[in-house]
Every structure is written in structure tokens, then in C-alpha cells.
Amino acid sequence: MKLEHYIGGAHVPSVSGATFATLEPATNTEYATVAAGDAQDVEAAVAAARTAFTEGPWPRMPAAERAAVLRRIGAAIESRDDRIAAIECRDTGLPITQARGQAHRAAQNFRFFADVITTLGENVYRVASAQLNYVVRKPVGVAGLITPWNTPFMLETWKLAPALAAGCPVVLKPAEWSPLSAGLLPEIMEEAGLPTGVFNIVHGIGEEAGAALVAHPDVPVISFTGETGTGQIIMRSAAAHLKTLSMELGGKSPLVVFDDADLERALDAAVFGVFSLNGERCTASSRVLVQDTIYDTFVARLAERAARVRVGSPDDPATELGALIHPEHYARVMDYVRVGMEEGARLVAGGEPPTGLPGGNFLSATVFADVTPEMRIFQEEIFGPVVCVTPFSTEEEAVRLANATRYGLAAYLWTNDLRRTHRMTQVIEAGMLWVNSQNVRDLRTPFGGVKASGLGREGGHHSIDVYTESHIVHVATEDLPIPRFGVA
């Protein structure tokens, strides 16, 4: 299988002819060759997108007409649900049942932003009866979209849909560890009737293709999802051109359980929150903070549940935990397991590859108990099926522990005390907080984090804000007095 760039409506190899291989996580065998882009390929893609912006119909098309194209894109994705899920399963190691859910969500993203762009209103201000002031929203230009490897197709559409809805041509740089599902996007866009040049893909290594996209002067907005260190590099590069940035970065999200909570549902949420999507999710509840009065019971039951999580081949519908994305990432996660034991945390489940699976990047669902805040596994993002459990005694201690990392993406609170709920939601440092719920998204709400977890917000009109500029128009409806300078 060979995958090329898609630039100006054509599939093309890299100018340099360079390629790289992609691996199947369940076996670590090479099964596809991908064009490796660099600054020359990015230059060609940006030029095509820039022409589509300055000369093409897309930015000038009425919102309702753009929305009709977006809905056709959603329908084209939905008609390929099974194909997308199968590719995603093979390319990322995600369990096939979860990959199907991500494919369905991708179609929903386009339908949702079609509705957003056709219902979005603007503020109008009147000064007495003499002046009317209103806002005009304009697409900002070529959008550079850099996406992660964990749920690639869904997260690509999460950025593509609002950028296209806003009228921006795009250059997409997919993650090099999971590039294959992006290869379906050109045929989807063509089938939906998207004008030539509006959608472009450059594959490649982040340090080359991604860096060139960020540095390009004709790309005024960058939306990036990925690791915090990479985000810092992007911010430094983007500063040279004062680019608009939307950055969804790392997380180390707490799940806080008080002794008045529904214990069974809190356990369900804890297991789902860190072991679904192979634990490779930014909002994973990877730190579970449990009140000391129920701590021993909760740890024992969490360990029992983890031991029953079914690890297996990603294409098996019975699999709940598949293969981690890449040998390099697998080695990193396994190193954290070693570090946890060396630091004195108590391993109560997992920590080893399951038996009976040939090769591949498999790890059993892993639970560490008695984890303290100074341990690396408490502080650092592992991005795998590893959860840390820590006791607390008081509400104040729970807040202190919840906030005791550099990250602040998500948090989950389990308690039936309404007054405590409102107190804690005011002081927990997280961009998003769920109460007595697992991670259930409302696409209208702002998505993003604080501290080292990111910059900016996406979701609903917040996403459209990223890809548009607001211009204010002041219209005099009556003659306004003008001071007469220089009149005798």
C-alpha cells in the first residue's frame, strides 16, 4: 500500500521522493509506504490553498451553500463507516468496536458544524438612533491543521469541519504513526463537491513537514493537538508571524471519588476513563483520588475490574484493550511501569504483557495504588492503560491533589453533595469538569485546558472563532456632529 500527498486536487509523491514505512501495532510489521513531505511539499500545498482562498469560490460562498457541502461530506463519511473503522483499527491498534464509534463521530462533526455556520449570529449595537455598529466575520486564510495519532480520523474531522465551515482552505498534516485513514479524505471531499485546492494533505515527520507548515508566512492560523513539549516548540515558531494558535495539549486528569458517591458507577467511570481507547486519550482519568474511608475497598474492586479487561487483537469485537500505537511509545509506557515500581507505588493489576498474544504492543490494564504526588507516574502523562490511585481525607486535600500537576485539561468529580460540587468546580484547575459522569461531550461547549494543557478553546462557535476574524462596521444613520478643525 502506498500513500501520497494530496495537493491542489491531485495525488503526488514528495518532491524529494522520500518515503517512510508505517507499522501495524498488533504485529509491528510494515504494511504501508507513505510519502515523507518537507518544506517543498508544504510550499506547494500552501500555494494551492492560498490560490483557493484568494481566487476560488469557497471563502465567498454563502454559509448555507458551504453547509450543504459539509453535510455531503458527512454523508460520504457515513457511507464508509466500516472501511474507516477497519483502517483505523489496523493503523492505531484501537479495538474495532471503539474505532467504529470514532468513525461515526467523524460524520457527526461535519453535520454539527454545518448547523453552527448557518445559525451563528453576530452582535449588533445601536448608539442612540444615530449610529449602527455590527460585526462582519471573515475567514482568516489558509489553516494549518496538525493532528495526533491516537484517534486520527475523528480528530482530523474535528479540525477540518469548523475550518471549512468558516471558509478557510486547509493544509492537513496527519500524524506519521497513523496516516492511513486520512488517505480516504480526498475521495470523500471530491465526492462531496469541495472546490479544488480547498483541501490539501502533506504527510511527513513532524520535525520536517509539521515545522514547515507552522513556519510558513501564508498560514495565519495553526490548530494543533498533541504533546505539550511539541506545543511549546510550535508557539515559539509561530510567534515570528504572530499566528493565531489553538493548542490542545497534554493531560493528567484527576477522577475524585468521595465516600458519598455511587461507588459502582464511579468504578465504571474509572475503568472506562483510562482503559478505553487503549488509554491513549488526552482526557484520560489517569489519576484516581479516593477518600480514605472507602480507599481500600475501591482499590480492591478497581484491581478486580482491571484484571477482567479483555486485552486482545484489535479486530476482535470482544477486545476492550488493543495494541499501543508504536514500539517507541510502548517502550515509553513500559518504562513508566518500571519507574512506578521503583518509586514504591503498589502494583495491584497488570504491569505486564498478556499471555497468548504473538508480538505487538500489548499491555494488560495496569493499576498502581498508594501513589504519592512526588512520584513521576503521578505527575507525568503516560498516555497508556496505566492508572494511579491516591487516597485523601478532606475536601481541601482532594483539591490540593487534583491541582498538584502542571496539567489542567479535564477533571471528574463523584459526589452526591450538591454544595460540595459547586465549591469544587470553582477551585479545581481544569478546562473541563464532569460531575457524576464519564467523558460525555456536548459539541456546543468549549473544549480545551488550562496550564500546560493548552491554549484557546474549540467546540461550537468557539471553533469558528479560531478560523475567522471579526471586523466591526460603524454606520451613521443620521448626520453626526463632526468637530470642525481649522475653520476660522
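I'll begin with Asn403, which counts as buried because its relative accessibility is 16% and the cut-off for buried is under 20%. This is a predicted model, so please take every value here as computed from it. Asn403 sits in a loop, the one that runs between α13 (395-402) and β18 (407-408). Its side chain reaches the backbone nitrogen of Glu429, at 2.8 Å. If we leave aside its neighbours within four places in sequence, Asn403 is in contact with Val427, Ile428, Glu429 and Lys451.

Glu429 leads on to a cavity. The second largest cavity has a volume of about 50 Å³. Its lining has 14 residues, and those closest to its centre are Pro254, Tyr407, Gly408, Ala410 and Glu429. Which elements each supply at least two residues of that lining? They are β18 and β19 (410-414). By class, the lining of this second largest cavity divides into eight nonpolar, three polar and three charged residues.

How many cavities of 30 Å³ or more are there? The count comes to three. The largest cavity has a volume of about 60 Å³. The residues lining the largest cavity are Gly251, Gly279, Arg281, Cys282, Ala284, Ser286, Glu381, Ile382, Phe383 and Gly384. Four of them are nonpolar, four polar and two charged.

Arg281 takes us from there to a pocket. The second largest pocket holds about 640 Å³ of space. It is lined by 31 residues, and the closest to its centre are Gln102, Arg105, Met154, Leu277 and Arg281. Arg281, then, lines the largest cavity and is also among the residues closest to the centre of the second largest pocket. The elements giving two or more residues to the lining of this pocket are α4 (96-119), α5 (152-166) and β12 (244-248). Which of them gives the most? That is α4, with five residues. The lining of the second largest pocket divides into eleven nonpolar, 13 polar and seven charged residues.

Leu277 was on that list, and its backbone deserves a word. Most residues other than glycine have a negative phi. Leu277 is not a glycine, yet it has a positive phi of about 50°. The place of Leu277 is in the loop between α9 (263-275) and β14 (287-291). Is Leu277 buried or exposed? It counts as buried, because its relative accessibility is 11% and buried means under 20%.

Asn278 is found in that loop between α9 and β14 too. Phi of Asn278 is near 60°, again a positive value in a residue other than glycine. Asn278 is buried, with a relative accessible area of 0%.

Now the largest pocket. About 1100 Å³ of space lies in it. There are 34 lining residues, and those closest to its centre are Trp149, Phe224, Gly226, Glu227 and Thr230. Four elements are named as supplying at least two residues each to this lining: α7 (206-215), β11 (221-225), α8 (228-238) and α11 (327-342). α7 gives the most, with five residues. By class, the lining of the largest pocket has 16 nonpolar, ten polar and eight charged residues.

One more residue, Ala182. It lies in the loop between β9 (170-173) and α6 (185-192). Ala182 is buried, with a relative accessible area of 0%. What is Ala182 in contact with, leaving aside its neighbours within four places in sequence? Its contacts are Glu156, Pro174, Ile201 and His203. Ala182 and Met1 are 181 residues apart along the chain, and their C-alpha atoms are separated by 14 Å.

Last, the annotation. The UniProt record, an unreviewed entry, carries "domain: Aldehyde dehydrogenase" over residues 15-472. Over residues 15-472 the chain is 40% helix and 20% strand.

Leu277 and Asn278 both have positive phi values. Ala182 is buried, at 0%. That is what I have.

Note on methods
Residues are numbered from 1 along each chain as its sequence is written. This is a predicted model: local features need pLDDT of at least 70, side-chain atom pairs count only at pLDDT 80 or more; totals for chains, interfaces and linings use all residues. Side-chain values use heavy atoms; hydrogens and water are left out. On a 1 Å grid over the protein atoms alone, a cavity is a set of points where a 1.4 Å probe fits but cannot get out, and a pocket is an open set with protein on both sides within 12 Å along at least five of seven lines; lining residues have an atom within 4 Å of a point. Grid points are joined across faces, edges and corners, and a volume is the space filled by probe spheres set on the points. Ala, Val, Leu, Ile, Met, Phe, Trp, Tyr, Cys and Pro count as nonpolar, Asp, Glu, Lys and Arg as charged, and the others, Gly among them, as polar. Buried means under 20% relative accessible area, exposed over 50%, partly exposed in between (1.4 Å probe, protein chains only). A polar contact is a pair of N or O atoms within 3.5 Å; within protein, one must be able to donate a hydrogen and the other to accept it, and residues adjacent in sequence count only if both atoms are side-chain atoms. Contact means heavy atoms within 4.5 Å. UniProt positions are given in the numbering used here, feature names are shortened, and annotations may be inferred rather than shown by experiment.
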